[in-house]
Amino acid sequence: MRSRPTGVLWMGSAFGAALVLAAGVLAVLGAGEPGTNAALAATARLSFLLFWAAYAGTALTALFGTTFQPLKQRAREFGLAFAAAHLVHISLVGWLCWIGAAPGVAVFVFFGIALIFTYLLALFSIGNLQQTLGPRWWWLLRTVGMNYIAYAFFVDFMKYPLHGGIKHVVEYLPFAILAIIGPFLRLAAWALRMRDWWR
(Lines give C-alpha, C1' and ligand atoms only; values in the text may rest on other atoms or scores of the structure.)
Protein backbone atom coordinates (compact mmCIF):
# COMPACT_ATOMS: atom_id res chain seq x y z
CA MET A 1 0.00 0.00 0.00
CA ARG A 2 1.33 3.44 -0.85
CA SER A 3 1.80 6.09 1.79
CA ARG A 4 -1.25 7.89 3.11
CA PRO A 5 0.08 11.38 2.17
CA THR A 6 0.16 10.35 -1.51
CA GLY A 7 -3.51 9.34 -1.45
CA VAL A 8 -4.46 12.50 0.44
CA LEU A 9 -2.60 14.64 -2.11
CA TRP A 10 -4.43 13.00 -5.01
CA MET A 11 -7.78 13.37 -3.27
CA GLY A 12 -7.16 16.99 -2.33
CA SER A 13 -6.01 17.88 -5.83
CA ALA A 14 -9.00 16.20 -7.47
CA PHE A 15 -11.46 17.78 -5.06
CA GLY A 16 -9.90 21.20 -5.61
CA ALA A 17 -9.99 20.81 -9.39
CA ALA A 18 -13.67 19.79 -9.33
CA LEU A 19 -14.50 22.67 -6.98
CA VAL A 20 -12.77 25.23 -9.20
CA LEU A 21 -14.46 23.77 -12.28
CA ALA A 22 -17.92 23.91 -10.69
CA ALA A 23 -17.37 27.40 -9.32
CA GLY A 24 -16.22 28.62 -12.73
CA VAL A 25 -19.28 27.24 -14.49
CA LEU A 26 -21.65 28.65 -11.86
CA ALA A 27 -19.91 32.03 -12.01
CA VAL A 28 -20.40 32.21 -15.77
CA LEU A 29 -23.87 30.65 -16.09
CA GLY A 30 -25.37 31.44 -12.70
CA ALA A 31 -26.47 29.23 -9.81
CA GLY A 32 -29.94 28.55 -11.18
CA GLU A 33 -31.05 25.28 -12.75
CA PRO A 34 -29.30 25.76 -16.16
CA GLY A 35 -25.99 26.73 -14.57
CA THR A 36 -26.18 23.94 -12.01
CA ASN A 37 -26.95 21.37 -14.70
CA ALA A 38 -23.95 22.60 -16.69
CA ALA A 39 -21.74 22.35 -13.59
CA LEU A 40 -23.08 18.84 -12.98
CA ALA A 41 -22.18 17.84 -16.53
CA ALA A 42 -18.68 19.32 -16.22
CA THR A 43 -17.90 17.68 -12.88
CA ALA A 44 -19.33 14.36 -14.10
CA ARG A 45 -16.87 14.39 -17.00
CA LEU A 46 -13.94 15.17 -14.72
CA SER A 47 -14.99 12.41 -12.31
CA PHE A 48 -15.40 9.99 -15.18
CA LEU A 49 -11.88 10.59 -16.52
CA LEU A 50 -10.43 9.85 -13.08
CA PHE A 51 -12.63 6.78 -12.71
CA TRP A 52 -11.78 5.53 -16.21
CA ALA A 53 -8.05 5.66 -15.48
CA ALA A 54 -8.64 3.47 -12.41
CA TYR A 55 -11.08 1.22 -14.26
CA ALA A 56 -9.12 0.56 -17.45
CA GLY A 57 -5.48 1.09 -16.47
CA THR A 58 -4.71 -2.54 -15.61
CA ALA A 59 -6.46 -3.79 -18.76
CA LEU A 60 -4.57 -1.32 -20.96
CA THR A 61 -1.27 -2.50 -19.47
CA ALA A 62 -2.15 -6.17 -20.00
CA LEU A 63 -3.18 -5.57 -23.62
CA PHE A 64 -0.71 -2.93 -24.79
CA GLY A 65 2.31 -3.22 -22.55
CA THR A 66 4.32 -1.02 -20.23
CA THR A 67 3.28 2.26 -21.86
CA PHE A 68 0.22 2.17 -19.62
CA GLN A 69 2.06 0.87 -16.54
CA PRO A 70 1.75 4.22 -14.70
CA LEU A 71 -2.06 3.96 -14.92
CA LYS A 72 -1.95 0.48 -13.44
CA GLN A 73 0.44 1.50 -10.68
CA ARG A 74 -1.71 4.48 -9.73
CA ALA A 75 -5.11 2.78 -9.99
CA ARG A 76 -5.81 3.24 -6.28
CA GLU A 77 -4.88 6.92 -6.39
CA PHE A 78 -7.07 7.50 -9.44
CA GLY A 79 -9.95 5.74 -7.66
CA LEU A 80 -9.55 7.86 -4.54
CA ALA A 81 -9.26 11.00 -6.66
CA PHE A 82 -12.51 10.05 -8.40
CA ALA A 83 -14.28 9.59 -5.07
CA ALA A 84 -13.01 12.97 -3.84
CA ALA A 85 -13.90 14.87 -7.01
CA HIS A 86 -17.34 13.31 -7.02
CA LEU A 87 -18.12 14.96 -3.68
CA VAL A 88 -18.44 18.24 -5.57
CA HIS A 89 -20.83 16.60 -8.03
CA ILE A 90 -22.94 15.29 -5.14
CA SER A 91 -23.01 18.76 -3.59
CA LEU A 92 -24.34 20.16 -6.86
CA VAL A 93 -27.12 17.54 -6.85
CA GLY A 94 -27.97 18.69 -3.33
CA TRP A 95 -28.08 22.30 -4.55
CA LEU A 96 -30.33 21.28 -7.43
CA CYS A 97 -32.74 19.76 -4.92
CA TRP A 98 -32.55 22.86 -2.72
CA ILE A 99 -33.58 25.16 -5.58
CA GLY A 100 -36.56 22.95 -6.39
CA ALA A 101 -35.27 21.06 -9.44
CA ALA A 102 -34.68 17.64 -7.88
CA PRO A 103 -34.29 14.64 -10.21
CA GLY A 104 -36.83 11.83 -10.04
CA VAL A 105 -36.72 9.04 -7.48
CA ALA A 106 -35.56 6.50 -10.07
CA VAL A 107 -32.53 8.65 -10.81
CA PHE A 108 -31.61 8.77 -7.12
CA VAL A 109 -31.98 4.99 -6.76
CA PHE A 110 -29.97 4.10 -9.88
CA PHE A 111 -27.12 6.55 -9.33
CA GLY A 112 -27.35 6.18 -5.55
CA ILE A 113 -26.24 2.55 -5.86
CA ALA A 114 -23.22 3.70 -7.88
CA LEU A 115 -22.52 6.27 -5.17
CA ILE A 116 -22.62 3.62 -2.44
CA PHE A 117 -20.18 1.46 -4.41
CA THR A 118 -17.90 4.46 -4.94
CA TYR A 119 -17.44 5.15 -1.26
CA LEU A 120 -17.39 1.49 -0.21
CA LEU A 121 -14.50 0.97 -2.61
CA ALA A 122 -12.75 4.07 -1.31
CA LEU A 123 -13.27 2.93 2.29
CA PHE A 124 -12.05 -0.61 1.74
CA SER A 125 -9.03 0.52 -0.26
CA ILE A 126 -7.54 1.28 3.16
CA GLY A 127 -5.13 -1.54 3.88
CA ASN A 128 -6.38 -2.66 7.29
CA LEU A 129 -10.04 -2.65 6.24
CA GLN A 130 -9.21 -4.46 3.02
CA GLN A 131 -7.43 -7.18 4.99
CA THR A 132 -10.47 -7.51 7.25
CA LEU A 133 -12.67 -7.95 4.20
CA GLY A 134 -10.35 -10.59 2.75
CA PRO A 135 -9.08 -11.02 -0.80
CA ARG A 136 -12.12 -12.90 -2.14
CA TRP A 137 -14.71 -10.41 -0.88
CA TRP A 138 -12.52 -7.47 -1.86
CA TRP A 139 -12.26 -8.88 -5.40
CA LEU A 140 -16.04 -9.33 -5.53
CA LEU A 141 -16.73 -5.80 -4.23
CA ARG A 142 -14.20 -4.32 -6.64
CA THR A 143 -15.49 -6.25 -9.65
CA VAL A 144 -19.20 -5.64 -9.06
CA GLY A 145 -18.73 -2.08 -7.84
CA MET A 146 -16.40 -0.88 -10.60
CA ASN A 147 -18.57 -2.39 -13.32
CA TYR A 148 -21.77 -0.93 -11.88
CA ILE A 149 -20.17 2.52 -11.69
CA ALA A 150 -18.98 2.13 -15.29
CA TYR A 151 -22.51 1.17 -16.32
CA ALA A 152 -23.96 4.20 -14.52
CA PHE A 153 -21.60 6.50 -16.43
CA PHE A 154 -22.51 4.72 -19.67
CA VAL A 155 -26.23 5.29 -19.04
CA ASP A 156 -25.59 8.94 -18.21
CA PHE A 157 -23.50 9.63 -21.30
CA MET A 158 -25.79 7.72 -23.65
CA LYS A 159 -28.97 9.60 -22.73
CA TYR A 160 -30.24 11.27 -25.90
CA PRO A 161 -26.84 11.01 -27.62
CA LEU A 162 -28.04 12.57 -30.88
CA HIS A 163 -30.29 15.25 -29.37
CA GLY A 164 -29.24 18.84 -28.84
CA GLY A 165 -27.35 19.31 -32.07
CA ILE A 166 -23.70 18.99 -33.02
CA LYS A 167 -22.49 20.76 -29.87
CA HIS A 168 -24.16 18.19 -27.65
CA VAL A 169 -22.74 15.29 -29.68
CA VAL A 170 -19.21 16.73 -29.57
CA GLU A 171 -19.46 17.31 -25.81
CA TYR A 172 -20.59 13.77 -25.05
CA LEU A 173 -19.13 11.59 -27.82
CA PRO A 174 -15.58 11.17 -26.42
CA PHE A 175 -16.93 10.20 -23.02
CA ALA A 176 -19.52 7.85 -24.51
CA ILE A 177 -16.77 6.14 -26.53
CA LEU A 178 -14.63 5.67 -23.43
CA ALA A 179 -17.65 4.37 -21.51
CA ILE A 180 -18.23 1.80 -24.25
CA ILE A 181 -14.66 0.61 -24.78
CA GLY A 182 -13.75 0.39 -21.07
CA PRO A 183 -15.66 -2.85 -20.37
CA PHE A 184 -14.42 -4.36 -23.63
CA LEU A 185 -10.82 -3.62 -22.64
CA ARG A 186 -11.35 -5.34 -19.30
CA LEU A 187 -13.05 -8.30 -20.98
CA ALA A 188 -10.18 -8.63 -23.48
CA ALA A 189 -7.62 -8.49 -20.67
CA TRP A 190 -9.55 -11.18 -18.79
CA ALA A 191 -9.61 -13.38 -21.91
CA LEU A 192 -5.85 -12.90 -22.25
CA ARG A 193 -5.33 -14.03 -18.67
CA MET A 194 -7.54 -17.07 -19.22
CA ARG A 195 -5.57 -17.97 -22.35
CA ASP A 196 -2.29 -17.74 -20.46
CA TRP A 197 -3.74 -19.77 -17.59
CA TRP A 198 -4.88 -22.57 -19.92
CA ARG A 199 -1.44 -22.67 -21.51
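User: In which helix is I90 found?

Analyst: I90 is found in helix α4. Helices are DSSP runs of H or I with at least four residues, strands are runs of E with at least two, and both are numbered from the N terminus. This is a predicted model, in which local features need pLDDT of at least 70, side-chain atom pairs count only at pLDDT 80 or more, and totals for chains, interfaces and linings use all residues. Residues are numbered from 1 along each chain as its sequence is written, and side-chain values use heavy atoms, with hydrogens and water left out.

User: Why is I90 called partly exposed?

Analyst: Buried means under 20% relative accessible area, exposed means over 50%, and partly exposed lies in between (1.4 Å probe, protein chains only). I90 has 28% relative accessibility, so it counts as partly exposed.

User: Which residues is I90 in contact with, leaving aside its neighbours within four places in sequence?

Analyst: Contact means heavy atoms within 4.5 Å. On that basis I90 is in contact with L115 and Y119. Y172 is 82 residues from I90 in sequence, and their C-alpha atoms are 20 Å apart.

User: Is H86 buried or exposed, and how do you know?

Analyst: H86 has a relative accessible area of 12%, so it is buried. H86 lies in helix α4, which covers residues 75–98. Not counting residues up to four places away in sequence, H86 touches S47, L115, Y119 and F153.

User: What is R76 called, buried or partly exposed, and why?

Analyst: R76 has a relative accessible area of 25%, so it is partly exposed. R76 also lies in helix α4. Between the C-alpha atoms of R76 and I116, 40 residues apart along the chain, the separation is 17 Å.

User: Why does G127 count as buried?

Analyst: The relative accessibility of G127 is 17%, and therefore G127 counts as buried. G127 is found in helix α6, residues 127–133. Its C-alpha atom is separated by 34 Å from that of A106, 21 residues away along the chain.

User: How do you know whether the span of helix α7 agrees with its number of residues?

Analyst: The expected span of a helix is 1.5 Å times one less than its number of residues. Helix α7 (residues 135–157) has 23 residues and should therefore span 33 Å; its end C-alpha atoms are 32 Å apart, which agrees. Buried residues in α7 include W138, L141, G145 and F153.

User: How many helices and strands does the protein have, and what makes it as compact as a globular protein of its length?

Analyst: The protein has 8 helices and 0 strands. The radius of gyration is taken over C-alpha atoms, and the globule rule is 2.2 Å times the number of residues to the power 0.38. For 199 residues the rule gives 16 Å; the radius of gyration is 18 Å, close to that value, so the protein is as compact as a globular protein of that length. Its C-alpha atoms fill a box of roughly 60 × 40 × 30 Å along the principal axes.

User: What share of the residues is buried?

Analyst: Buried residues make up 35% of the 199 residues in the protein.
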